Amino acid sequence: MNLVFEHVTLGQRVLFGSGKAAEHLAAEVSRLGAQRVMVIASEFERPMAGQVAAGIDPVLWQTDVVMHVPVETAEKARAAAAGHNVDLLVCVGGGSTTGLAKAVALTSGIPIVAVPTTYAGSEATNVWGLTEAARKTTGVDDRVLPATVIYDAELTLSLPVDLSVASGLNGMAHCIDSLWAPRADPINAALAAEGIRALSQGLPAVKADPAGLDGREQALYGCYLAAVAFASAGSGIHHKICHVLGGTFNLPHAQTHATVLPYVLAFNAPAAPQAAARIAAAFGAADALEGLQHLRQVLDAPRALADYGFTAEDIPEAVRIALDAIPASNPRPVTAENLTALLTAALTGEDPKTLTDL
Ligand code: NAD
């Protein structure tokens, strides 16, 4: 069979090293010749960001960070950056903080150095998101891709185990969904498979020893690969469903991804045997779903959407909105009926195997 594909690798510098964030940031600010740095970090993340920024002299601190980046929050940060002639944005925090830096970069073109402290992966994508009047809009623009990412696993030590598990499975979802997303290709599939391997080893180590660095480093490395694969392959069915659950029903981001993933895998795997074989091999399991479920059991992962405020009454609207967004290229044709079955099973945490019949 001919191998024919078109692939784009996004240009980004990555500096990885535990305990090295402050040193790496100072070197990067100097290398980029930045004179007027704005540091973005939520109030909660501010002490961590203070340590990371110890070797630089920011002109401005922006701590007004809100999940899903409301337009008003973005406008305030944009005005502050313009008012201080900022020439570099440094964000230290989770996906919400990175998201605010991206919102500023989107309209100003100011480069970003991202220092992530969760496993969300936004730092490795050119995808931005903004929320206006309770509706989340996303888009793709290379101006929001951070110029540099600085990974330091010590910054993730404070992330509680349950949030580490949910956030890490959000990364796992980037990997798995990449294998059938609209621009899936052999390069992003290779990154996704290595991401699954790293996460399936790193996350149990984080759970067993939350204060240890080995598992945290593996998880961070795996989540970077996951996000690169996702940025390249695009959003598949899993991301489209979770986007609706988060955007319209305000369900928490990482926990929603962690809960929905086995249902999407069970749903798609029979119609995507090559992807399923790749996932199984990356888990070191005989079967893709078995591999994921074994990991989820070890991690005591989130299991039912009902636990996060989703209800049976919400399903018809979620199905209606998601059906419009799910790519037509999804390996298994999606209908209102089978999507209702998927969400109904995910609502209560029913065994996903019930979805495998084509
Ligand atoms: P988040 O940034 O909202 O962080 C969750 C919570 O963890 C917050 O309270 C935060 O203060 C806290 N936190 C962060 N780092 C911590 C640490 N080291 N120790 C203890 N607590 C810490 O959530 P998230 O899951 O990181 O990101 C979710 C957001 O990112 C969503 O808005 C999602 O849409 C977006 N996202 C975007 C992309 C993209 O490509 N654009 C990719 C993934 C996620």
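A pocket is here an open set of grid points with protein on both sides within 12 Å along at least five of seven lines. In the predicted model, the second largest pocket holds about 460 Å³ of space. Its lining comprises 21 residues, and Leu179, Ala184, Asp185, Pro186 and Gln274 are those nearest the centre. Two elements, helix 6 (186-208) and helix 10 (273-283), each give two or more residues to this lining. Sorted by class, the lining of the second largest pocket consists of 14 nonpolar, five polar and two charged residues.

Two individual positions were also examined. Leu225 belongs to helix 7, which spans residues 213-233. Because its relative accessible area is 8%, under the 20% limit, Leu225 counts as buried. When neighbours within four places in sequence are set aside, Leu225 has contacts with Leu191, Glu194 and Gly195.

Arg135 is part of strand 7, which covers residues 135-140. With residues up to four places away in sequence not counted, Arg135 touches Leu130, Thr248 and Ile321.

Notes. Residues are numbered from 1 along each chain as its sequence is written. This is a predicted model: local features need pLDDT of at least 70, side-chain atom pairs count only at pLDDT 80 or more; totals for chains, interfaces and linings use all residues. Side-chain values use heavy atoms; hydrogens and water are left out. On a 1 Å grid over the protein atoms alone, a cavity is a set of points where a 1.4 Å probe fits but cannot get out, and a pocket is an open set with protein on both sides within 12 Å along at least five of seven lines; lining residues have an atom within 4 Å of a point. Grid points are joined across faces, edges and corners, and a volume is the space filled by probe spheres set on the points. Helices (H or I, at least four residues) and strands (E, at least two) are DSSP runs, numbered from the N terminus. Ala, Val, Leu, Ile, Met, Phe, Trp, Tyr, Cys and Pro count as nonpolar, Asp, Glu, Lys and Arg as charged, and the others, Gly among them, as polar. Buried means under 20% relative accessible area, exposed over 50%, partly exposed in between (1.4 Å probe, protein chains only). Contact means heavy atoms within 4.5 Å.
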